[in-house]
Amino acid sequence: MIDKIKELICNYVEADAASITEDTKFIEDLNFTSYDFMCMLGDLEEEYGITVDESDILNIHTVGEAAEYIEKLAREK
């Protein structure tokens with residue numbers, strides 16, 4: 001899941017996938033905008049057939065947190 005998220009991140013911002021870790025923060029480290037983040041989550045929803053709860057995303061700050069959340073939703077579907 002981390003690799004998929006890294007791939008998507010590179011579609012939205014100029015970043016080296018190799019330098020992205022689970023602790024990398026979307027806003028502070030990658031300069032993501034809220035629009036970038038929502039679009040990336042939309043891509044993940046489409047790819048994995050899941051629905052992201054907007055209230056949950058307020059607690060996602062790092063790549064690792066996003067991966068855990070998406071994996072959890074995919075398991076529950």
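These notebook entries record what I looked up in the structure above.

**Entry 1: basis.** I worked from a predicted model, in which local features need pLDDT of at least 70, side-chain atom pairs count only at pLDDT 80 or more, and totals for chains, interfaces and linings use all residues. Residues are numbered from 1 along each chain as its sequence is written, and side-chain values use heavy atoms, with hydrogens and water left out.

**Entry 2: fold and dimensions.** I looked up the secondary structure and found three helices and zero strands in the protein chain. Read from the N terminus, the order of elements is α-α-α. The radius of gyration is 11 Å, close to the 11 Å that the globule rule gives for 77 residues, so the chain is as compact as a globular protein of that length. Helices here are DSSP runs of H or I with at least four residues, strands are runs of E with at least two, and both are numbered from the N terminus. The radius is taken over C-alpha atoms, and the globule rule is 2.2 Å times the number of residues to the power 0.38. Along the principal axes, I noted a C-alpha trace spanning about 30 × 20 × 20 Å.

Entry 3: I found an accessible surface of about 4,800 Å² for the protein chain, with 45% of it belonging to carbon and sulfur atoms. These areas come from the Shrake-Rupley method with a 1.4 Å probe; for residues, only the protein chains shown count as cover. Of the 77 residues, 38% count as buried. Buried means under 20% relative accessible area, exposed over 50%, and partly exposed in between (1.4 Å probe, protein chains only). I then turned to contacts, defined as heavy atoms within 4.5 Å. Among contacts between residues at least 6 apart in sequence, 53% join residues at least 24 apart. For charge, I noted that the mean positions of the 6 positive and 20 negative charges are 6 Å apart. Lys and Arg count as positive and Asp and Glu as negative, while His and the chain ends are not counted. Each charge is placed at NZ of Lys, CZ of Arg, CG of Asp or CD of Glu.

**Entry 4: the nonpolar core.** I looked up the largest nonpolar core, which has 23 residues; Ile5, Ile9, Phe26 and Met40 have the most contacts inside it. The elements that give two or more residues to this core are α1 (2-12), α2 (34-48) and α3 (63-76). Helix α3 gives the most, with six residues. Such a core is a set of buried Ala, Val, Leu, Ile, Met, Phe, Trp, Tyr and Cys residues joined through side-chain atoms within 4.5 Å. In soluble globular proteins, nonpolar side chains tend to be buried together.

**Entry 5: helix α1.** I listed the buried residues of α1 as Ile2, Lys4, Ile5, Lys6, Leu8 and Ile9. The buried residues of this helix pack against α2 and α3. Ile9 has a relative accessible area of 0% and is buried. Beyond four places in sequence, Ile9 is in contact with Ile20, Phe26, Leu30, Phe32, Met40 and Val63. I also noted 8.7 Å between the C-alpha atoms of Ile9 and Asp36, which are 27 residues apart along the chain. Not counting residues up to four places away, Cys10 touches Ala15 and Ala17.

**Entry 6: Phe26 and Asn31.** Leaving out residues up to four places away in sequence, I found that Phe26 touches residues including Ile5, Ile9, Asn31, Phe37, Met40, Ile60 and Val63. Asn31 lies in the loop between α1 and α2 and counts as exposed at 58% relative accessibility. Asn31 has a positive phi of about 60 degrees although it is not a glycine. Most residues other than glycine have a negative phi.

**Entry 7: helix α3.** I placed Tyr69 in helix α3, where it is buried with a relative accessible area of 10%. Not counting residues up to four places away, Tyr69 touches Val52, Asp53, Asp56 and Ile60. The C-alpha atoms of Tyr69 and Lys25 are separated by 15 Å. Ala74 also sits in helix α3, and at 28% relative accessibility it counts as partly exposed. I noted 9.3 Å between the C-alpha atoms of Ala74 and Glu45, which are 29 residues apart along the chain.
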